[in-house]
Amino acid sequence: HYYLRGRAWEGDIQVMLLDKDDRERSSHEIASAVRDLLAPVAMDLGARIAVVEMPPGPPVLQTVVAELYGPDAETRRQVAADLTQMFEQVPDIVDVDNYMSEPHDRWRFLVDTEKATRRGITVDAINRNLAMAMGGYELGDVKRGRVLEPVDIVVELPLSLRASTSALGHLPLAAADGGMVPLAELGWFEKVPEDPIIYHTDLRPMEYVVGEMAGRLGAPIYGMLGVGDLLEDYRTPDAVTLVGTLTGPPPDEGMSSFEWTGEWTVTYETFRDLGLAFAAALVLIYILLVIEFENFLIPATVMLPIPLTVIGIVPGHWLLDAEFTATSMIGFIALAGIEVRNSILFVDFAKNEMHRGLEIEEAVLRAGQTRMRPIWVTDLTMMAGATAILFDPIFEGMAISLLFGAITSVTLTMLTLPLRCIAARNAFYEKQVEGKDEAEPTPTPAGTAAPRGAQSPRFGSP
């Protein structure tokens, strides 16, 4: 929403950086350095600045946003001012601001309708000519080949004339008889206080208090927790203890309240949806494995590598100083499916070896010898692909999850999965006995020798 900031007291400076391969620092490091240089200057001048990185991330108003509601405008604005001061006291919150305008006056031109009607000049004509003089009239845009954004042609008087009401009084307007009438003969200028801006969300009046996160802990939740600590001893003018809601607007009870929005809303909704999707995927995987193995314990053994991936994902983000983002969660979910496939290869091979008459211990050893190479080849191929996006600012989290999660998961799986299979031997032997009963041959008549070479299968002790 920064492109909407076009009021007289707002300014915008856009700095284009060199390509990332032509500079030593990342764009985020440069933005942080610029903020450190500009913040003291803005503080000395009584101004507020916001250093914005493009693209800034999710399409939100700002990183940390508090939407403040109240019983009336005066209470709401007082609480917003107090909350702004609390934002400034939290160390990791920078670029603190609110959307309340400072009290100021404006000039308004009052039309003498009797004189204007007598000269054949409408109020719309007066407003249109004043807007043109003040720079609010667009004649069109510049026609010059292909451009990404149109360049408007705007007509306006010089600043020295626009800033003087007496000079604007000489602005000529065409009368009905063809003559020119100065603006001063059709009315007069009057200074009046500017009405404050009223923002609404779902038809409820509210105020915005915003800020950005900087420092090591850049997630908005840490700034929100810091503000929450300061709110414990605060009472609003209507004697209410402020507590910000996290998952929706507060109820309209006619008292001061606020909602945390901004990047928190995007983060919460993203991880909530991904968490539900992950839970649904685990349930579906388990159901499919139960159908495949016709057992409830063996599928739990197959899904053992899924929690083992966390042992590598969390330290991997810590080692590379990366944040756990939504793409990290996507990589976690994808890795779970890959590791379950590897586990199926191992368990299914061990089960088949047991059906051939091997003991459970020997079957899992043979499964490890046979399946270790294809499992590692599969994961190494995936890890090589993840390395290609390891330094991408968006997909870095996914690459870390796929890379470090696979390293620890495969290593620990090849150690713990055989032990888990041995511990669940009853499930394997039960399945094996069922298969034997189904394939039991026709009994040999009494007194008849069994065919040469017939051998009863070997079973271990359950």
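Trainee: Asp348 and Lys351 in helix α11, how far apart are they along the helix?
Mentor: In this predicted model, Asp348 and Lys351 are separated by about one helical turn, because they are three residues apart in helix α11.

Trainee: And what do Asp348 and Lys351 form together?
Mentor: Asp348 and Lys351 form a salt bridge, in which the closest N and O atoms are 3.6 Å apart.

Trainee: Is Asp348 buried or partly exposed, and what about Lys351?
Mentor: Asp348 has a relative accessible area of 26%, so it counts as partly exposed, whereas Lys351, with a relative accessible area of 11%, is buried.

Trainee: How many salt bridges does the structure hold?
Mentor: The structure holds 15 salt bridges, and one of them brings the side chains of Arg35 and Asp95 together, with 3.1 Å from N to O.

Trainee: Where do Arg35 and Asp95 sit in the chain?
Mentor: Arg35 belongs to helix α1, which covers residues 27–45, while Asp95 belongs to strand β2, residues 93–98, and this pair links distant parts of the chain, 60 residues apart.

Trainee: Are Arg35 and Asp95 buried or exposed?
Mentor: Arg35 is buried, and Asp95 is buried as well.

Trainee: What about Arg77, which residue is its salt-bridge partner?
Mentor: The partner of Arg77 is Glu207, and the closest N and O atoms of this salt bridge are 3.7 Å apart. Since Arg77 lies in helix α2 (residues 73–89) and Glu207 in strand β10 (residues 204–213), the pair ties together parts that are 130 residues apart in sequence.

Trainee: How accessible are Arg77 and Glu207?
Mentor: Arg77 is partly exposed, at a relative accessible area of 21%, but Glu207 is buried, at a relative accessible area of 0%.

Trainee: Which residues line the largest cavity?
Mentor: Its lining is made by Glu339, Asn342, Ser343, Phe346, Ile375, Val410, Thr413, Met414 and Leu417. By class, these lining residues are five nonpolar, three polar and one charged.

Trainee: Which helices each supply at least two residues of that lining?
Mentor: They are α11, spanning 326–355, and α13, spanning 396–423.

Trainee: Last one, where is Val266, and how far is Val266 from Tyr208?
Mentor: Val266 is in helix α8, residues 263–293, and it is partly exposed, with a relative accessible area of 31%. Val266 and Tyr208 are 58 residues apart in sequence, and in space they are 17 Å apart, C-alpha to C-alpha.

Key
Residues are numbered from 1 along each chain as its sequence is written. This is a predicted model: local features need pLDDT of at least 70, side-chain atom pairs count only at pLDDT 80 or more; totals for chains, interfaces and linings use all residues. Side-chain values use heavy atoms; hydrogens and water are left out. On a 1 Å grid over the protein atoms alone, a cavity is a set of points where a 1.4 Å probe fits but cannot get out, and a pocket is an open set with protein on both sides within 12 Å along at least five of seven lines; lining residues have an atom within 4 Å of a point. Helices (H or I, at least four residues) and strands (E, at least two) are DSSP runs, numbered from the N terminus. Ala, Val, Leu, Ile, Met, Phe, Trp, Tyr, Cys and Pro count as nonpolar, Asp, Glu, Lys and Arg as charged, and the others, Gly among them, as polar. A salt bridge is a side-chain nitrogen of Lys or Arg within 4 Å of a carboxyl oxygen of Asp or Glu. Buried means under 20% relative accessible area, exposed over 50%, partly exposed in between (1.4 Å probe, protein chains only).
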